[in-house]
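This report is meant to be read beside the sequence and the coordinates shown below.

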Amino acid sequence: MTATVTEQPPHTTAAAVAELRVLRERARLGPGAKATAAQHAKGKLTARERIDLLLDPGTFQEVEQLRRHRAVGFGLEAKRPYTDGVVTGWGTVDGRTVFVYAHDFRVFGGALGEAHAAKIHKVMDLAVAAGAPLVSLNDGAGARIQEGVSALAGYGGIFRRNTKASGVIPQISVMLGPCAGGAAYSPALTDFVFMVRDTSQMFITGPDVVQAVTGEEITQNGLGGADVHAAVSGVAHFVHDDERTCLAEVRYLLSLLPSNNREAPPSLPGGDPVDRRNDALLDLVPADGNRPYDMREVLEEIVDHGDLLEVHEHWARNVICALARIDGRVVGIVANQPRFLAGVLDIEASEKAARFVQLCDAFNIPLLTLVDVPGFLPGVSQEHGGIIRHGAKLLYAYCNATVPRISLVLRKAYGGAYIVMDSQSIGADLTYAWPTNEIAVMGAEGAANVVFRREIANSDDPETVRAEKIAAYRSELMHPYYAAERGLVDDVIDPAETRRTLAGALAMLRTKHADLPSRKHGNPPQ
């Protein structure tokens, strides 16, 4: 008996391409208009809308668009959407390659499963191999519970890759929705965290768990909202009111960073004369060291066009960390801020500045330190909180940095805080000071009370003797040229010449090369 063969219609290439287009369109649209409308109703964009705002138009190249999970149980086998809830790929920002992954909250709530994680692992590996920045657009409900431990292993792979990429390529996390539990650790491992008010939250345990364990009642935003992490915990570096503004700022940040640790940050035509005088600085900074002023205004006067991107603007406000350009080239700035706590260094300021110094050193960004510091903040809470080890973090970061380092003392530079703020003794390449500088172990009043304590106490007129001793100490040890006479300051400069002086120093140090001792890694204070 001869078997009957059913003839199939010829399968042409054109038909295969047509089928591919249908599948791609299905993957692109996702679960449909209703889910998209629900996302928009929350004030949130979809994953693809966010990618379109982040990348240059028409440059996105998607990876594994047709990937689907292979899990079974709990009804998962009947729900196998394309992309598996994350859109991955690469494109360009201002013509430079950038890799991106974006959780799609419309698919499984953006929850991470095995296939979802594999896609993220793939794009992270590609970013490191290509030497290009990685941006994650986070809007997910954590691990996909139905997939059990496989989902947890997926997060482990992300954390390991975050760590290996640290200091190799810039990693930026953009929080555009919830991020709870272990998922919050990936952003914490990256270089920068952006958050959007009202729509993004980060916490390890949510409000329900907190209430069950401690009895405390708190909302999601009160526990881990954008303003909380920007001003209280220090987890978020930048916070914005809406997604469009947030993603525009991510693009701006990328313009100030190199693609990887083997390159310098991109330079731009300055357009702001290098020799522009800074006469305004004579009035911005009071000669009286006890009067406050806004250090940000000083920085805006010095840098190109007054433009700077302040990092952690709302946290540890007694120190400013910012990226800017001088003569068209990127520089990282650390500066005491006398408007807050008189510019003292405390636990949070030390941590903030230390992390920023390490970032700049990792990505070949020269460091400029502006000093006006009365010391470390005294107090029981600071001592018990570990100001010694936290202050040592900043000291370690500066001592370990090999990029060009320039410091400028504007007014006060007292005690250990003076040393820590990139003094010449810990390796600053060049140190400058204004003629209003006071570099000393401590202020004249405190020094006189210690050095001449007995003489003052035994005198017939203690107040008059104290005033005389303060004046003598200031005249002998705190005059503006004392440090310069001993080679601890390379030059005392006219404030109006600050921009020209710093630009010239940065240009000279552009070819600086320094090696660290051969070692696996250091053991910095924690």
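The sections below treat basis, nonpolar cores, aromatic rings, charges over rings and backbone angles in turn.

## Basis of the values

This is a predicted model, in which local features need pLDDT of at least 70 and side-chain atom pairs count only at pLDDT 80 or more, whereas totals for chains, interfaces and linings use all residues. Residues are numbered from 1 along each chain as its sequence is written, and side-chain values use heavy atoms, with hydrogens and water left out.

## Nonpolar cores

A nonpolar core is a set of buried Ala, Val, Leu, Ile, Met, Phe, Trp, Tyr and Cys residues joined through side-chain atoms within 4.5 Å, where buried means under 20% relative accessible area, exposed over 50% and partly exposed in between (1.4 Å probe, protein chains only). The largest such core has 63 residues, and Ile172 and Val174 are those with the most contacts inside it. Helix H13 (residues 347-362) supplies the largest share of this core, seven residues; helices (H or I, at least four residues) and strands (E, at least two) are DSSP runs numbered from the N terminus. Apart from this core lies another, of 30 residues, which includes Leu308, Ala324, Leu410 and Leu502.

Leaving aside residues up to four places away in sequence, valine 174 touches several others, among them Val135, Leu137, Phe194 and Cys246, contact being heavy atoms within 4.5 Å.

## Aromatic rings

The whole structure holds four aromatic pairs, that is, rings of Phe, Tyr and Trp (its six-membered ring) with centres within 6.5 Å, counted as stacked with planes under 30 degrees apart, edge-to-face over 60 and tilted for the rest. Tyrosine 155 and phenylalanine 159 form a stacked pair, 6.0 Å centre to centre with 20° between the planes; because they are four residues apart in helix H5 (residues 149-165), about one helical turn separates them.

Phenylalanine 194 and phenylalanine 238 are also stacked, at 4.5 Å centre to centre and 20° between the planes. This pair links distant parts of the chain, 44 residues apart, with phenylalanine 194 in strand S7 (residues 192-196) and phenylalanine 238 in strand S9 (residues 238-240). Both phenylalanine 194 and phenylalanine 238 are buried, and Phe192, Phe194 and Phe238 form one aromatic cluster.

## Charges over rings

The charged end of arginine 486 sits over the ring of tyrosine 482, 3.6 Å from its centre, by the criterion that NZ of Lys or CZ of Arg is within 6 Å of the ring centre and within 35 degrees of the ring normal.

## Backbone angles

Alanine 316, in the loop between strand S10 (308-311) and strand S11 (319-326), has a positive phi near 50° and counts as buried at 8% relative accessibility.
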